[in-house]
Amino acid sequence: MSEQSNELADLVGQDHAATGHEYAAGFVTEIEADTLPPGLDEQVVRAISAKKDEPSWMTQWRLDALRRWQRMPTPRWAHVQFPDIDFQSISYFSAPKGTAPTSLDEVDPEVLRTYEKLGIPLHERAALAGVEAPADTTSNVAVDAIFDSVSVATTFKERLAEAGVIFCSMSEAIREHPDLVRKYLGSVVPKPDNFYAALNSAVFSDGSFVYVPKNTRCPMELSTIFRINEKNTGQFERTLIIADEGAYVSYLEGCTAPMRDDNQLHAAVVELVALTDAEIKYSTVQNWYPGDDEGNGGIYNFVTKRGACLGDRSKISWTQVETGSAITWKYPSVILRGADSVGEFYSVALTRNLQQADTGTKMTHIGPRTKSTIVSKGISAGRSQNSYRGRVRMNPGAKGARNYTQCDSLLIGDSCGAHTFPYIESKLPTAVIEHEATTSRVSEEQLFLCQQRGIDPEKAVAMIVNGFCRDVFRTLPMEFAVEAAKLLEVSLEGAVG
Amino acid sequence: MSLLHIENLHVDVAGQPILTGIDLTVAAGEVHAVMGPNGSGKSTLANVLAGRPGYDITEGSVTVDGEDITPLSPEERSLRGLFLAFQYPIEIPGVSNMEFLKAAVDAHAAGRGEDPPSAVDFVKRARACAARLELNPDFLKRGVNDGFSGGEKKRNEILQMLVLEPRLAVLDETDSGLDIDALQVVANGINAFRGNGNAVVLVTHYQRLLNYVVPERVHVLADGRIVHSGDSSVALQLEERGYGWLDG
Ligand SMILES: Nc1ncnc2c1ncn2[C@@H]1O[C@H](COP(=O)(O)OP(=O)(O)OP(=O)(O)O)[C@@H](O)[C@H]1O
Ligand SMILES: [Mg+2]
């Protein structure tokens, strides 16, 4: 490699600790917590269920999942490396002390301040930080905040209720809407689906539940903010979103965690159900603590996300912007069962330092004329490894099905890696499957051009990366596209030095 | 005082001496042409002025408005008003021309301690400059040089110059690859820009451009040094007789 590209690598690899561009969400909130001792067995599962006052069907459901999990081997196929996790050293439940809050006024002020520090004031008036609500009130955002294991606040509840939309914590849904929960929980991601899904099914602590009734357009964006605070706790949230016939909902999740030297496990399960003519748009901005420059600490983000387009003409669209976590292992997927149903996956995954990401999607075409689109943008800097893994399956009944996949990688410096693993399984010769892939590099010439025009290299890289991600940002709700671009810029500030 | 002053400049590239003692002084308001055979060091001179990494100054000095610019980063030189139009403009796919220009203009505003111009003012200005170069406004929405023809890339360099209004513009073969009409348009752009206290260094192989943009001085570079300087008639002589004329 040329002298100049080494210079670029130096620039990118530069220690940023001194520059103060640390992970901004990395603070710890001092609050008293009610935390279960580390370890996992039947007693622990029963204790979680009891703490949440769950009906016995739920307890049994969890115990069944635990037994299945105990028989499963740890998966090793992803293109990531990490030491074995000792599942007995993790605590499976942590909650801010006290009784569960029933309104915002009852939430511990420290917790509220935490969200304010993160730029997400929970007070209803404020909606989301930096988001100026236009005259058209539909662009308000309702927020469910999950602090460690429990939901601490769900805003805008009343306005949603007027529209018939249910937006509450999973715990509340289990109590208040057992029929819906029993019908759909585990219907898209079955308990034994995979190791981490089984684990989640046994110990999930909380999460968000959404039900949008027939022919209803959810009047605002729904959002969940996850925050891991306690040390040595895993976070296992469970999200279930159901869009009934002709319903529409747009949902956004955001995630942060304090900086800790130890790795912390996050193993969530998200299930989406779209009935006939329904549409669900699910966006993620993931900014979990990625670990330090040397790869110490950070979140292991092992998440199972799947949507089922059960009804004809239904549509599920995943958009993710992944900048955090030490290791990301995640494949938001769509099962295209209904005729003419549509699945979409738009992804930006940024890795730097020693981060590893193995992410992508699975599109399973079952119904006729089903259509899927995959756009994946991977950005690697530092010594990170970034993999796209995708599977498109065309079942025999999927006549006239189509898939389009576009997979682009952008490299910054010489020490990082980008990999693509596209799998195509088609039992259908007539199915149309298109795949395009590119790999490019932020070149010294591009940076020099920017510098020559007065733009410093850090801004230049951010601008180039933003341009590279445009196709994905376009699919985010307006308010969050701006946030995502900013987040990327902040994440890159550290990466470019 | 001279705007650009180069004294005894020696430059190595990859350990090889390329420039071996350049002296050049350009006053505010002047246009100087630099000519010379392929490989004589014209682009090396342009790049070293802009502070491109990999070009090592082993001897000599470069000042702009009396300030030694050699310790400055490329972006600091840009903010001091130095502009380089590249011989081979590079593409930045995905970043629109408009966005790129805005980032540059904002950086320059910040360098002067000013607020960035409003989006509306900026767009007006960018469109006006594009119009002067007879560029379609859609041009501004396309990725920087992405899929541009050779001539379009050159015009785009001049567009950036007009928007940034530099104090010293170094144009490296901006005329190469332009069709006859485009040459005229670019020449008009340069003429509209020249004067106003700024200076232009025009690197070119052809008399054609100099018919439209008449320089105060013409310098001939050979083997890393200036071997001849004169008024605009030098270019005419070279056109007629070739570089052999200087050996005689
Ligand atoms: N990176 C490099 N390594 C080695 N030699 C180099 C390098 N860059 C330039 N040179 C050499 O320096 C000399 C001057 O090159 P330069 O590009 O400045 O010429 P030029 O006068 O602009 O030519 P042209 O008219 O063809 O554009 C050439 O001999 C070239 O091969
Ligand atoms: Mg040249």
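**Exercise 1. Strand pairing in chain B**

In this predicted model, which residue of E2(B) is the bridge partner of B:Leu4?

Solution. 
- Step 1: The residue of E2(B) that bridges to B:Leu4 is B:Val26.
- Step 2: The two strands concerned, E1 (residues 2-13) and E2 of chain B, are joined by 9 bridges and run antiparallel.
- Step 3: In chain B, E2-E1-E4-E5 is the order of an open sheet of 4 strands, and the pairing is antiparallel.
- Step 4: E2 and strand E5 (67-68) of chain B are the edge strands, each of which pairs on one side only.
- Step 5: On this sheet packs H1(B), which touches E1, E2 and strand E4 (55-64) of chain B. The direction of H1(B) makes about 70° with that of E4(B).

**Exercise 2. The shell around ligand 1**

How many residues surround ligand 1, and which are the closest? Assign the shell to elements and classes.

Solution. 
- Step 1: Ligand 1 is surrounded by 13 residues, the closest being B:Asn38, B:Gly39, B:Lys42, B:Ser43 and B:Thr44.
- Step 2: H1(B) has the largest share, with 3 residues.
- Step 3: By class, the shell consists of 9 polar, 3 nonpolar and 1 charged residues.
- Step 4: Both elements also belong to the picture of Exercise 1, where H1(B) touches E2 of chain B.

**Exercise 3. Two helix pairs**

Two packed helices are described by the angle between their axes and the distance between the axes.

Solution for chain B.
- Step 1: The axes of helix H5 (residues 150-164) and helix H6 (residues 180-193) of chain B lie 11 Å apart, at an angle of about 15°.
- Step 2: Because of this angle, H5(B) is roughly parallel to H6(B), angles under 35 degrees being counted that way.
- Step 3: The crossing of H5(B) past H6(B) is left-handed.
- Step 4: H5(B) makes the contact through B:Gly151, B:Lys154, B:Arg155, B:Ile158, B:Met161 and B:Leu162, and H6(B) through B:Ala182, B:Val186, B:Gly189 and B:Phe193.
- Step 5: These residues divide into 6 nonpolar, 2 polar and 2 charged.

Solution for chain A.
- Step 1: H9(A) and H10(A) have axes 9 Å apart and an angle of about 120°.
- Step 2: The two helices are therefore oblique to each other.
- Step 3: H9(A) and H10(A) cross in the right-handed sense.
- Step 4: From H9(A) come A:Gln446, A:Leu447, A:Cys450 and A:Gln451, and from H10(A) come A:Pro457, A:Ala460 and A:Ile464.
- Step 5: The contact holds 5 nonpolar and 2 polar residues, with no charged residues.

**Exercise 4. Chain A against chain B**

How many residues does each chain give to the contact?

Solution. 
- Step 1: Chain A gives 19 residues and chain B gives 22 residues.
- Step 2: On the side of chain A, two or more residues come from each of helix H1 (3-13), helix H9 (444-452) and helix H10 (457-473).
- Step 3: That side has 7 charged, 6 polar and 6 nonpolar residues.

**Exercise 5. A hairpin in chain B**

Which residue takes a positive phi in the hairpin of E11(B) and E12(B)?

Solution. 
- Step 1: Strands E11 (residues 217-222) and E12 (residues 225-230) of chain B run antiparallel, joined by 5 bridges.
- Step 2: B:Val218 has B:Gly230 of E12(B) as its bridge partner.
- Step 3: The hairpin has 2 residues between the strands, and B:Asp223 takes a positive phi near 50°.

Note on methods: Residues numbered from 1 in each chain as written. Chains lettered and ligands numbered in written order. Predicted model: local features only at pLDDT ≥ 70, side-chain atom pairs only at ≥ 80, totals over all residues. Contact = placed C-beta atoms within 7 Å. Nonpolar A, V, L, I, M, F, W, Y, C, P; charged D, E, K, R; others polar. Near = placed C-beta within 6 Å. Axes fitted to C-alpha atoms, helices over the stretch in contact; angles between N-to-C directions. Parallel < 35°, antiparallel > 145°, perpendicular 65-115°, else oblique. Left-handed = near helix turned anticlockwise from the far one by under 90°. Pairing = 2+ DSSP bridges.
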